[in-house]
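I opened the notebook to look up a few local features of this structure. The entries follow in the order I took them.

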Amino acid sequence: MRNLPRGQDHKRERILRALAVTCEVCGTDLSEAAAQVIVDDLMQYDESAVLKALTRCRRECKGRLSLAAIIERLDDGWIDPDRALGIALACSESDAAQIVCDELMAAWGDAAPALQAGDRQGFRQVFLSSYKRRVNEARAEGRAPKFWVSGSVNRAQVIADGVQSGLLPAAFLHQVPLLEIPEYLREVASLPMIEQASNEPATITAESDDRGVRDRPREPQPVLPRP
């Protein structure tokens with residue numbers, strides 16, 4: 001075991017104990033070495049999120065416990081795959097504004113041909129496979145999601161809700177006319193944009209900052225016909 005700061009050492013012990021209990025409940029035998037490796041991988045995440053993911057595994061997993069099953073259940077900011085699928089379908093069927101991330105839209109691009117062909121089930125399978133793979137790769141690299149807004153219908157309200165919930169940085173409010181911003185957010189919106197964006201990722205939105213345009217998948221254009 002690595003020599004860790006005292007707080008981290010206690011965190012590791014708690015995760016290891018919860019992992020042992022979860023393995024027992026799921027009927028999974030793990031060697032001590034395998035358990036230590038899994039805990040190594042889980043140490044990069046918030047302890048509360050890991051413990052909640054292990055609780056979900058005890059309730060939901062019907063087969064052998066795996067690291068992938070634990071990571072898939074982490075509430076670390078990434079959109080849940082089923083919810084992401086619903087957002088992708090909504091983007092395909094209308095121009096209503098949606099909060100999305102690059103991985104979601106890239107998976108949408110992978111699956112779009114199936115929906116264009118009228119194969120809704122094929123779209124679902126391809127999208128979920130692509131999205132889970134991309135999110136797992138991002139998690140393995142320690143990357144957090146970067147959210148932005150797709151679509152134009154009801155965009156002001158979606159941006160306001162996203163800023164209020166913490167999904168979107170306050171700089172997004174500069175895309176919205178001041179009178180369309182809820183009163184409780186207008187003071188934030190009136191601050192200079194550079195102050196709001198200084199601590200945010202360089203990629204904000206295609207509309208407010210063209211530095212990120214080259215790296216972001218295009219929004220779905222045109223709207224696809226319903227199957």
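This is a predicted model: local features need pLDDT of at least 70, side-chain atom pairs count only at pLDDT 80 or more; totals for chains, interfaces and linings use all residues.

Gly166 follows α8 and has a positive phi, near 95 degrees.

I then went back along α8 itself, which covers residues 155-165. Which residues of the helix are buried? I noted Arg155, Ala156, Val158, Ile159, Ala160, Gly162 and Val163. As background, I wrote down that an α-helix has 3.6 residues a turn, so residues three or four places apart point the same way.

Next I looked at strand β2, residues 147-150. I asked whether its faces are covered or open, and found both covered. Phe147 and Val149 are buried on one side, and Trp148 and Ser150 are buried on the other. In a regular strand the side chains alternate between the two faces of the sheet.

I looked for the partner of β2 and found strand β1, residues 98-101. The two strands pair in the antiparallel sense, over four bridges. Within this pairing, Gln98 stands opposite Ser150 of β2, and that serine is one of the buried residues noted above.

Last, I checked the cysteines. How many disulfides does the structure hold? I found zero. Cys23 is in no disulfide, and its nearest cysteine sulfur belongs to Cys26, 7.2 Å away. Cys23 is buried, with a relative accessible area of 6%. Cys57 is in no disulfide either: the sulfur of Cys61 is the nearest cysteine sulfur, at 4.0 Å, whereas a disulfide needs the two sulfur atoms within 2.5 Å. Cys57 also counts as buried, at 0% relative accessibility.

How values were computed: Residues are numbered from 1 along each chain as its sequence is written. Side-chain values use heavy atoms; hydrogens and water are left out. Buried means under 20% relative accessible area, exposed over 50%, partly exposed in between (1.4 Å probe, protein chains only). Two strands pair if DSSP finds at least two bridges between them.
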